[in-house]
Amino acid sequence: MVREIVVYPDKRLKLISKEVESFDAELHTLLDDMYESMRAKNGVGLAAIQVGFDTRALIINIPLEIEEGGQDQPKENTLEMINPVIIEKDGLEVFQEGCLSIPGVYEDIERAKHVKVEYFDRNGKKQVIDNDDFLAIAIQHEMDHLEGKVFIEKLSYTKRKKFEKEWKRKLKEG
């Protein structure tokens, strides 16, 4: 089921998500709905809070290049991370990020180039991922949501003020 995406400045985006304790059918349905919701908006990642659940769960599906220049995001390629914890990070990289909760806004954000993350899959099995590619950036972006943070909070004071002004105007215009 496609769920509505929570849009900034909705206060739910500030919530710190709670640990998942039960790896049950309810969690599986949420993860499946998150995938459908992310695909419906052409996203590459989504945290549970972005569909209104303050649960430490996120998904990422980096599109595959397919013939004729298109892209595909097969469901089986979806990385589902439950209760993720960064256990190592190093390096710095600036990458232009966007967010389904702040549609149409893209900004250069500095993050760690490399991350190593422990997490659980949908069945409660512990996993570790080590990455220094776009996936590392996406993981950090989605993990910020679990801490009640959105990527624009990483902007300089001046850029953030400019964003807030433009965003308020955009919301008023509807």
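Trainee: Is asparagine 83 buried or exposed in this model, and what is its relative accessible area?

Mentor: Asparagine 83 is buried, with a relative accessible area of 6%; the word buried means under 20%, exposed means over 50%, and partly exposed lies in between (1.4 Å probe, protein chains only). The model is predicted, so local features need pLDDT of at least 70 and side-chain atom pairs count only at pLDDT 80 or more, whereas totals for chains, interfaces and linings use all residues. Residues are numbered from 1 along each chain as its sequence is written, and side-chain values use heavy atoms, with hydrogens and water left out.

Trainee: Where does asparagine 83 lie, and what is its phi?

Mentor: Most residues other than glycine have a negative phi, and most peptide bonds are trans. Asparagine 83 has a positive phi of about 50° although it is not a glycine, and it belongs to strand 5, residues 79-90. Strands (E, at least two residues) and helices (H or I, at least four) are DSSP runs numbered from the N terminus.

Trainee: What is the phi of asparagine 42, and is asparagine 42 buried or exposed?

Mentor: Asparagine 42 is a residue other than glycine whose phi is positive, near 60°. Its place is in the loop between helix 1 and strand 1 (45-47), and its relative accessible area of 69% makes asparagine 42 exposed, whereas asparagine 83 is buried.

Trainee: Which form, cis or trans, does the peptide bond from tyrosine 8 to proline 9 take?

Mentor: That bond, from tyrosine 8 to proline 9, is cis, with omega near 10°. Proline 9 is in the segment before helix 1, and tyrosine 8 lies in that segment before helix 1 (25-40) too.

Trainee: How many aromatic pairs does a search of the whole structure find?

Mentor: The search finds four aromatic pairs. Rings of Phe, Tyr and Trp (its six-membered ring) pair if their centres lie within 6.5 Å, and planes under 30 degrees apart count as stacked, over 60 as edge-to-face and the rest as tilted. One of the pairs joins tyrosine 8 and phenylalanine 163, which are tilted at 55° between the planes and 5.7 Å centre to centre. This pair links distant parts of the chain, since phenylalanine 163 is in helix 3 (residues 157-173), 155 residues apart from tyrosine 8. Phenylalanine 163 also pairs with tryptophan 167; their ring centres are 5.7 Å apart and their planes stand at 25°, so this pair is stacked. Because phenylalanine 163 and tryptophan 167 are four residues apart in helix 3, about one helical turn separates them.

Trainee: Which cluster do the ring pairs make, and are its members buried or exposed?

Mentor: Ring pairs link Tyr8, Phe163 and Trp167 into a cluster. Tyrosine 8 counts as buried at 10% relative accessibility, phenylalanine 163 at 5% and tryptophan 167 at 4%.

Trainee: How much space lies in the largest pocket?

Mentor: Rolling a probe the size of a water molecule over the atoms shows where empty space is left. The largest pocket holds about 490 Å³ of space. On a 1 Å grid over the protein atoms alone, a pocket is an open set of points where a 1.4 Å probe fits, with protein on both sides within 12 Å along at least five of seven lines, and lining residues have an atom within 4 Å of a point; the volume is the space filled by probe spheres set on the points, which are joined across faces, edges and corners. Of its 23 lining residues, Gly43, Val44, Gly98, Cys99 and Leu100 are the closest to the centre of the largest pocket. At least two residues of this lining come from each of strand 6 (93-99), strand 7 (102-111) and helix 2 (134-146).

Trainee: Which residues are closest to the centre of the second largest pocket, and what does threonine 55 contact?

Mentor: The second largest pocket has about 280 Å³ of space. Its lining has 14 residues, and the closest to its centre are Glu26, Leu27, Leu30, Phe53 and Thr55. Threonine 55, in the loop between strand 1 and strand 2 (57-60), is buried at 17% relative accessibility. Leaving aside neighbours within four places in sequence, threonine 55 is in contact (heavy atoms within 4.5 Å) with Ser17, Lys18, Val20, Leu30, Ala48 and Leu146.
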